[in-house]
Amino acid sequence: MEEKYDVVVVGGGAAGLSGALTLSRARRSVLVVDAGAPRNAPAGHVHNYLGREGTPPGELLAAGRAEVTGYGGEIVTGTATSAHRLEDGEGFRVLLADGREVRARRLLVTTGLVDELPDVPGLAERWGRDVLHCPYCHGWEVRDQAIGVLADSPMAAHQALMFRQWSPRVTLFLHTAPKPTDEEYEQLAARGVTLVEGEVAALETTGDRLGGVRMRSGELVPCQAVVVAPRFTARAGVLASLGLEPVEQLAGGHVIGSYVPADPTGATSVPGVWVAGNVADLRAQVIVSAASALNTAAAINADLIAEDTRHAVAAHRGGPEPRSDHAERTPGDHHHAPAESTASMFSEQAWEERYRSRDAIWSGRPNPQLVTETTDLSPGTALDVGCGEGADALWLAERGWRVTAADFATVALRRGAERADALGAEMAGRIDWVHADLTSWAPDEGYFNLVSAHFMHLPGEQREALHTRLAAAVAPGGTLLIVGHHFSDLETTMPRPNVPDMFFTAEEIAHSLDPDRWDILVTDTRPRLADDPEGRQVTIHDAVLRARRRP
């Protein structure tokens, strides 16, 4: 293995190989580290992959590996156990289980997910053959057969109605799940779905075929296929060492699994680390995973081009080479106060001058806690308080929100508006850029479905007054999200204003909200990794408050 690659791809499934192929064709040095345990290995064929319909999974991966190596990419067998930022801040060190290590300028993690199956004897052995979960992956193959749906989640009635499209012979085993609602009972009856009450004891086979479902009562109900609802858990162990943890995925108000949050390009909250495929999107089929990794690889290449260009310009000028953007700052710290006088922290003129001093102050990525806490919210009206150069506002607008983005720095507002314009008229039309002094400005009361404020650090009385105005701006049923640097950061080497009164905890904000009007959903102190001004990796903490205003 080379001393240092442009990109190390962790995971060699469809997503990983697609990303590696794209980067190799972009003349990047690429290494794929593959543990050799693809999620779809038990399946006989890949479906809905245009031009590859019905291809065995192993054959598709073999073709992909040949294509990657044909363009100069390298592939090794191994399990990546952890990753750490290099001491100089210029990339990462990836450790493998066998003791090997490799360095990379960027990481693309495509480790997929694990299907956690219901604990029913005989079920795991038939997984991917005649124990199924996705109708689009396997529905055609079991058309018109006797299909049983094992209810172990509130989504079981939905699954039964889905598979009814492929077969008129569908049986819903109520098993351990909550009973269907009256509306679901009516729907199931109308579609001719048979219901069997009681707990399932096991699946039984005849030869090498599923024979039926054995009930605790002893009854055997003949079935040729059984549908289950696994929990889809992101394989994200290698990311934990970088401070990235999966978050829960909801469907219909119920947890169905976990994923690693990222922006639309696949960039995570850790600079230089991207994700693609099922680790970031548990619903993605093979073709979608491959497509997402192509887009992410293009974003990584663009990021590397920008860095290469900065180094080339510095060399051309004869000055010192610049540090990587990924070593200089942490995305999300849009309102991180510099080490300057307290008065200048709240001076509009000082911030205007700071923005003018550089083409961009912040990374251009959304705050990680915003991504974590709002991904599953239905779009509506949003207020982004202290929007800076607009990364949060743009992220929300891309997801359909109508955003009011407020800040007192006109240079920052102009940059945000220019970025929105560059994304097209539809995007630009979703965001209103408002010049406002947030120490006194009062947004419309009861109007916004989401009010988000990140790293707005003011002295105690001013901060409390701001939080009161922000809470009043939330519409009934809406969400209040307030995130700040935790005071424990003062003990780190990160530049924080040495004014303890400017810090707060999530519990303090929660205590200030009227318990008769608010449901407190999250009060947390969350760790994440960041690089201090010297490029050293440190653990910092965010205070996170999320609350819902009662209708």
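Predicted model: local features only at pLDDT ≥ 70, side-chain atom pairs only at ≥ 80, totals over all residues.
View 1. The relative accessibility of Thr171 is 14%, so Thr171 counts as buried: the cut-off is under 20%.

**View 2. Strand β21 is paired with β20 and with β22.** Strand β20 (residues 381-385) runs parallel to β21, and 5 bridges join them. Thr381 has Arg402 of β21 as its bridge partner. Between β20 and β21 the chain passes through helix α12 (residues 391-398), making a right-handed β-α-β crossover. Strand β22 (residues 431-435) is also parallel to β21, again over 5 bridges. Here Asp407 stands opposite His435 of β22.

**View 3. An open antiparallel sheet of 3 strands.** The order is β12-β13-β14. Strands β12 (200-206) and β14 (220-222) are the edges, each pairing on one side only. On average, neighbouring strands are turned by 30° against each other, direction ignored. Strand β13 (residues 209-215) pairs with β14 over 3 bridges, in the antiparallel sense. Gly212 has Pro222 of β14 as its bridge partner. Strands of a sheet pair through backbone hydrogen bonds.

**View 4. Tyr136, Phe163 and Trp166 form a cluster of rings.** Ring pairs link these three residues. The whole structure holds 3 aromatic pairs. In one of them, the ring centres of Tyr136 and Trp166 are 5.6 Å apart; their planes lie at 85°, so this pair is edge-to-face. Tyr136 belongs to helix α3 (residues 135-138), while Trp166 lies in the loop between α4 (156-163) and β10. The two are 30 residues apart, and their pair links distant parts of the chain. Tyr136 has 49% relative accessibility and therefore counts as partly exposed.

**View 5. Tyr447 and Phe448 make an edge-to-face pair.** The distance is 4.9 Å centre to centre, with 85° between the planes. Tyr447 is partly exposed, at 47% relative accessibility. Phe448 is buried, at 4%.

**View 6. Arg143 places its charged end over Trp140.** The charged end of Arg143 is 4.1 Å from the centre of the Trp140 ring.

Technical notes
Residues numbered from 1 in each chain as written. Heavy atoms only, no water. Pairing = 2+ DSSP bridges. Helix = DSSP H or I, 4+ residues; strand = E, 2+ residues; numbered from the N terminus. Right-handed = clockwise from strand over helix to strand, strands pointing away. Axes fitted to C-alpha atoms, helices over the stretch in contact; angles between N-to-C directions. Buried < 20%, exposed > 50% of the residue type's maximum accessible area, 1.4 Å probe, protein only. Phe/Tyr/Trp six-rings, centres within 6.5 Å; stacked < 30°, edge-to-face > 60°. Lys NZ or Arg CZ within 6 Å of the ring centre and 35° of its normal.
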